[in-house]
Amino acid sequence: MNVSAGRARGAALGTLAMALAAALATAIAAGAAPPPPKSPAAATAKPRPLALNDATDKALRAELARRGLKPSAVEPQLDALRAADPWVALVQGADRIGGAGAFAFVALDQAFARLGVPAAQRMALADTDDAADQLTALGQQMHLFDDPALGIPEAWRASFAQLAIDLARARQRAAEALAALPPAARTEIAAGMLPFAASGQPPRADAAAVDYGALARAAGTLLLATDAFLEQLPRDEAPAFAWRTNVPGVTGFALGPFPTVAGPMYLGGVDANGWAVPRDAILIDLGGPDHYGASGERYAPPPDAGLLVVLDLQGDDSYRPVAPGALAAGALGLSLLRDLGGNDSYEDRALGQGSAIFGVGLLLDEAGNDRYLLGSGGQGNACAGVGMLVDGAGDDLYLAGGLGQGAASGHSVGLLADLSGDDVYRATGEEVLGAAAAAAQGAGLRAPPEGARGTGILLDLAGDDVFLAARGAQGSASGGHGLLIDGGGNDFSSVGSDGQAGASGGGTAVLIDFGGDDVRFIRGADGQAAADGGAAVLLDDGGADQLRCGDAKSCRGVAAGDGRALFIDLGAKPSVRIGLPPKPAAAPAKEAVK
């Protein structure tokens, strides 16, 4: 079979792979359906546990019985736990999914489900072009790399061309998602980017104008396109391209820019490169200890949808853009940074490392002991979209001023997921860009109070970890939805106040820990399942835990106002506490008429 015919067949198979991968993601995120019961008795033999598993369920039922309460008394708390079910299934099934890329695809699907996008809309990823059209498009894009002086073999040219075609499709779907935003709204969004990073206050533009189904398809196509490219890339030997040293915006050996249908494409060699990253481009670096900075061009809202893709295949790299929103920040479009290995360093002042504002921003780091340093607005942060950081392996450090490490405001999901390693998370709450938005480590905001609710999620799947935060963190909700799930390990957690499942303003805050000998400190008040409006749940299914709170009267299953709280820690005594709204005072008896 010649390469052209092979690529035509590959395009058709790629369409099928998209559909199969989409179905797989839906199945994993939703959890496998139980087999049909063998008899009517089997169908009713064992009710669904109220709280996570049999042990925690037994403890909760015993406390309900002791207090003379029915399960319906804690229904709001159980609803908050049920909303976390898909993320619990994702954490528990991660070893069956694969690395950062596969995990991100499933998590992305679940994030858009959280935003209310039906599965049929999320997963309509198949290419509608027929084989002849695909082959024609492939030939046109391959022609861009045909110059014999460049020395690019046919297989490589075909891979670059197919990637460009797939990324153009993702960009088109992102443009469809944002088509209802007029130029004035786009200007408002651009002007509101830094204020959002500083305070969590969304721009005034209408988030409901975004077609989140089209945005989900754009993001899914983006991930699958880069997956297919990385899998098909020839790996038998280092490419002997005719590298040049005069490519604009690049130091070291490189080629480009190639004017592909998806945008300008640049190629970097296996030695060290310095990149001045454009706002809109496709960068593929084959190796070496590289440095990525920003080009310095001022951000201008695109008329359709922006697209920035950076693929770095290996090396100990440094990502330090000066300009906010320059890398892994989907502002009115799509931005993806995938690093396949090495001990890397990421440093952003604002809006980066998996940040999104009216778009999708993704940072996927497969392996290495990495450092993530951020001022504010990143490390899994979003407004009107999805911002995600997924780290596959290594002992990592996450440092942020605030509004990050799984934090969201408005109609959005912000997710940070670390799949393995002994990690340190720190959110200082320091003032950045003139304000201090301390929300972090699984924090959901609702700003303004009548606005849409953001969902902030931090998933740490394994390792002995350290979580440090100023306030409003570690499963915190100020009107939104905050979730922290720790898959196990002996962890240390400390927060100033309003954290470790602290809810207010009608939000839901959940902290789930799957065992280990943990230490949790609340230095101030309101945490460890404390609700002042909304619902707060802390659930730890075992281990010899140590718990401390600066104000014991406002911690561990305490509710104020119309709040609801549920504290279950099988490693603490008492292991279950339930906080309910106070009963209305009885009306005074009327005096008898004399």
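Guide: Contact means heavy atoms within 4.5 Å. This is a predicted model, in which local features need pLDDT of at least 70 and side-chain atom pairs count only at pLDDT 80 or more, while totals for chains, interfaces and linings use all residues. Residues are numbered from 1 along each chain as its sequence is written, and side-chain values use heavy atoms, with hydrogens and water left out.

Visitor: Leaving aside neighbours within four places in sequence, which residues is Leu90 in contact with?
Guide: Leu90 belongs to helix α5 (residues 85–92), helices being DSSP runs of H or I with at least four residues and strands runs of E with at least two, numbered from the N terminus. Because its relative accessibility is 1%, Leu90 counts as buried (under 20% relative accessible area; exposed is over 50%, partly exposed in between; 1.4 Å probe, protein chains only). With those neighbours set aside, the contacts of Leu90 are Ile97, Phe103, Val106, Ala107 and Leu459.

Visitor: How many of the five residues of strand β5 are buried?
Guide: Ala281, Leu283 and Asp285 are buried on one side of β5, and Ile282 and Ile284 on the other, so that both faces are covered. Strand β5 (residues 281–285) is therefore largely enclosed by the rest of the structure, its buried residues numbering five of the five.

Visitor: Which residue of strand β7 does Leu283 stand opposite?
Guide: On one side, β5 pairs in the parallel sense with strand β3 (residues 263–268) over four bridges, pairing requiring at least two DSSP bridges, and there Tyr266 stands opposite Leu283. β5 also pairs in the parallel sense with strand β7 (residues 306–312), over five bridges, where Leu283 stands opposite Val310.
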